[in-house]
Amino acid sequence: MTTKVPFFEYPRLWSDDREEFLSIIDNVSSSGGFILQKAVSDFELELASYAGSKFSVGVGNATDGMEIFLEGIGINPGDEIIISSHTMLATASAIKVVGGTPVPVDIGIDNLISIQGIEEAITPNTVGIMPTQLNGRVCNMDVILAIAKKNNLFVVEDAAQALGARYKEQHAGTFGLASAISFYPAKVLGCLGDAGGVLVNDKDLYHKIYQIHDHGRGMDGEVIRWGRNSRLDNIQAAILSFKFKTYDNVIKRRREIAQMYQDRLELLEELQLPPAPDVDSDNFDVYQNYELQADNRDDLKNYLNQKNIGTLIQWGGKGIHQFTQLGFNQVLPDTDKFFKRCIMLPMNIFISDSDVDYICDSVTEFYRK
Ligand SMILES: Cc1ncc(COP(=O)(O)O)c(C=O)c1O
């Protein structure tokens, strides 16, 4: 029998819990509560309380969430917001859509936004910093918040990949004015389609975000401002509440897999692995992805492909500053170098210990054959 380890088995998202999902869909649909009903408000409470945030608003997806909170904060044309170049285009596009200017900076040794990069990118037009808590790991928020304070900037987070990740015991998504979490199917907490959540502590900003996500209406239905429609679907909310019950076990399993990769691959000097689960006492990572850097990356990817092992190069292998057709012209050598070497190995709860063994044997074989 040939072993096959897909990068992510999407059909299993449905098949592993099919009976539960059918009953959730039946319950929500037969109650007639499709839009902004109890399933959404219940999930919003669960999400806020889990992350330790005062409020949360369910939205259509994390990209909308970022656009909405930035609109709530109020961005003026020409306002610059500093982001990492190693993030999804959505981080940048959310800023652009609300009239601001995304300013990508290089990555640091942790592959997250470079602290030096932030400091060098600050201009009189800078209004905020939006770090991405990438791959389920929170940036050094003490330093980022200190820089923001010193320069009178706001901090917001792209926490799309990081629900449950912590820095000094504080949850991703709770460090700044607001953050967005993604529930895209392959996310650590994924649903059966698009969905997102915004976390926010300030009551006034919470009300603005709530209004913008529902046509500018307040909770009593009265129109207060211009808005849009980006509401979390009730069926997806009920599915998320169901999956939330076992969320900590999912994180535990992902951390176990990361430790297995670490134990099996750490001796290969051709690889640069991400931090192991317990290596930094300040960080608790949830491993949305297991992204490493590899010598001969393209050949390794082809070799693993021949072995029926799925791998992925994040964002199609481009940092934000490399989208020159969108007007970016920054020179970011560390990010350029990173994107020539990065690759993600399978990381999800569908893979078994023996799958991890097979992957590690194959990677080792590639470098030692
Ligand atoms: C870092 C990051 N930001 C933003 C997004 C966008 O999330 P969504 O697909 O929910 O809009 C993603 C999703 O892949 C992401 O990984």
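These legends describe close-up views of one predicted model.

Local features need pLDDT of at least 70, side-chain atom pairs count only at pLDDT 80 or more, and totals for chains, interfaces and linings use all residues. Residues are numbered from 1 along each chain as its sequence is written, and side-chain values use heavy atoms, with hydrogens and water left out.

**View 1. The whole protein.** The protein has 13 helices and 14 strands. These are DSSP runs, numbered from the N terminus: helices are H or I, at least four residues, and strands are E, at least two. Of the 369 residues, 55% count as buried, meaning under 20% relative accessible area with a 1.4 Å probe, protein chains only.

**View 2. Strand β1.** Five of the five residues of β1 (residues 55-59) are buried, so the strand is largely enclosed by the rest of the structure. Phe 55, Val 57 and Val 59 point one way. Ser 56 and Gly 58 point the other way.

**View 3. β1 beside β10.** β1 pairs with β10 (residues 196-200) in the antiparallel sense, over five bridges. Pairing requires at least two DSSP bridges between two strands. Phe 55 has Val 200 as its bridge partner in β10.

**View 4. Lining of the largest pocket.** Helix α4 (62-73) gives the largest share of the lining, three residues.

Key
Buried means under 20% relative accessible area, exposed over 50%, partly exposed in between (1.4 Å probe, protein chains only).
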